Amino acid sequence: MIKKLRWTKAIALVLALGLGLSVSAQENYKHISKEDSVKVFPGGEQYKVKQFKANFKGKKPKNIIFMIGDGMGIAQVFGGMTANGGKLFLENFKYVGFSRTQSADNYVTDSAAGGTALSSGYKTYNGAIGVDMNKKSQPNIREYAEEKGIATGVISTSAITHATPASFMAHQPQRKMYEEIAGDFLNTNVDVFIGGGYDHFTKRKDGRNLAKELKDKGYKVLRDMKEIAKVKDGKLAGLTAPTHNPRYEERGDMLPVATQTALNILDNDKDGFFLMVEGSQIDWGGHQNDTHFVVNEMLDFDRAIGVALEFAAKNKETLIVVTADHETGGMAVLGGKYKSGMVKGGYATGHHSGVPVPVFAFGPGAEEFMGFMENIDIPKKLKAMMKR
Ligand code: MG
Ligand code: ZN
């Protein structure tokens, strides 16, 4: 019996070795088929990644920057890392964990339940925005910060009314209720928000013009990123697209610039701030099984992380937590070259998957985010740190 087992093991080993050899022998991407063309990112421009000193003041943060890569699993991170020559700003994060993303009614969460878990600390049903299983509104961490007199901001590359940012701003039973979600923005005292979704504020069935209402409340309502980037104080509503912002190739550096703009404004508050930044479209690349899309969105998000790190390293009282609401595409990195930045992606699904997503933390309190945790643990930990 023992002998037999050993033989099977030996045969398996030989087979595995043989398979490995044949795979590397086939490593030739000169003849990319049409089917493969979206799955292979050929490599593009690479950017320099800086190392930041992790040298902080105190045990609890004064400021929190919560960054969510929608659909960002470890393959998306590593695909981006490969494309950028093996380097990402994310490498500055020494405290790393895993978040389990299951929603209350589904092993595979959607971005609404995922966003609500990360914003409120409640597991809820897929589709829910800031409400629990009984459709009861539950306070989110941004609101908690607001109550404490801390400045707050929300940024995304999708419409600002889309599931993830909406989870930090609104309470509605269904994610598709964009106009109702936009209406909820007027019930907050948020200092800065930048994203798409202008139409949800202005072309409404109820005839309300929320852009005007925001102005009356004291917000600068701007649609052009160049104008938005000039704002250094006051309240800002940046609505950069009618619905969603276009993908990176067209949108350019909107996300890193929006992150810098929000930091410029929020840093005026002596009491500290809470800022949520979403790289929304990593998820869309995953849904389309399009490695080019995934990689470019991942790198854009990483550059926004670089902006946050630059601030946090100088400020010394800022905690950055980077995670995802779920993984999208069941993505695998099947091949790559650091030098050219070529990445070959493989995909198990056109939907989300159930695997845990990474959690990265930098700053005072970062050590709280190690090991396995539930998605709802993240806002609970952040909230506990905000108590002061
Ligand atoms: Mg999202
Ligand atoms: Zn999705």
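I began with the contacts of Phe-78: leaving aside neighbours within four places in sequence, Phe-78 is in contact with Val-333 and Tyr-338, where contact means heavy atoms within 4.5 Å. Phe-78 lies in helix H3 (residues 74–83), and I take helices (H or I, at least four residues) and strands (E, at least two) as DSSP runs numbered from the N terminus. At 34% relative accessibility, Phe-78 counts as partly exposed; buried means under 20% relative accessible area, exposed over 50%, and partly exposed in between, with a 1.4 Å probe and protein chains only. I also looked up the C-alpha separation of Phe-78 and Met-298, which is 9.4 Å in space for 220 residues in sequence.

Note on conventions: this is a predicted model, in which local features need pLDDT of at least 70 and side-chain atom pairs count only at pLDDT 80 or more, while totals for chains, interfaces and linings use all residues. Residues are numbered from 1 along each chain as its sequence is written, chains are lettered from A and ligands numbered from 1 in the order in which they are written, and side-chain values use heavy atoms, with hydrogens and water left out.

Next I turned to the chain as a whole. I find 15 helices and 15 strands in the protein chain. Its radius of gyration, taken over C-alpha atoms, is 22 Å, which agrees with the value near 21 Å that a compact globule of 388 residues would have; the globule rule is 2.2 Å times the number of residues to the power 0.38. Along the principal axes, the C-alpha atoms fill a box of roughly 75 × 45 × 45 Å. Of the 388 residues, 56% count as buried, and among contacts between residues at least 6 apart in sequence, 75% join residues at least 24 apart.

For the surface, I noted an accessible area of about 16,900 Å², of which 56% belongs to carbon and sulfur atoms; the areas come from the Shrake-Rupley method with a 1.4 Å probe, and for residues only the protein chains shown count as cover. The chain has 51 positive and 43 negative side chains, the centres of the two sets lying 6 Å apart. Lys and Arg count as positive and Asp and Glu as negative, with His and the chain ends not counted, and the place of a charge is NZ of Lys, CZ of Arg, CG of Asp or CD of Glu.

I then looked up the largest nonpolar core, which has 101 residues; such a core is a set of buried Ala, Val, Leu, Ile, Met, Phe, Trp, Tyr and Cys residues joined through side-chain atoms within 4.5 Å. Helix H14 (residues 291–315) gives the largest share of this core, 13 residues. Those with the most contacts inside the core are Ile-65, Met-67, Phe-193, Ile-320, Val-322 and Phe-369. Leaving aside neighbours within four places in sequence, Ala-361 is in contact with residues including Phe-93, Lys-94, Tyr-95, Ile-320 and Phe-369. Ala-361 and Lys-94 are 7.1 Å apart in space, C-alpha to C-alpha, and 267 residues apart in sequence. Lys-94 came up again with Glu-367, 273 residues apart along the chain, where the C-alpha atoms are separated by 8.8 Å. Glu-367 has its place in the loop between strand S14 (357–362) and strand S15 (371–374), and counts as partly exposed at 40% relative accessibility.

I looked next at helix H7 (residues 178–185), where seven of the eight residues are buried, so the helix is largely enclosed by the rest of the structure. What covers its buried residues includes helix H6 (163–166), strand S5 (192–196), helix H8 (198–202) and helix H9 (210–216).

Last, I checked backbone angles. Most residues other than glycine have a negative phi. Asn-289, although not a glycine, has a positive phi of about 50°; Asn-289 lies in the loop between helix H13 (282–287) and H14 and is buried, with a relative accessible area of 17%. Lys-316, also not a glycine, has a positive phi of about 70°; Lys-316 lies in the loop between H14 and strand S9 (318–323) and counts as partly exposed at 27% relative accessibility.
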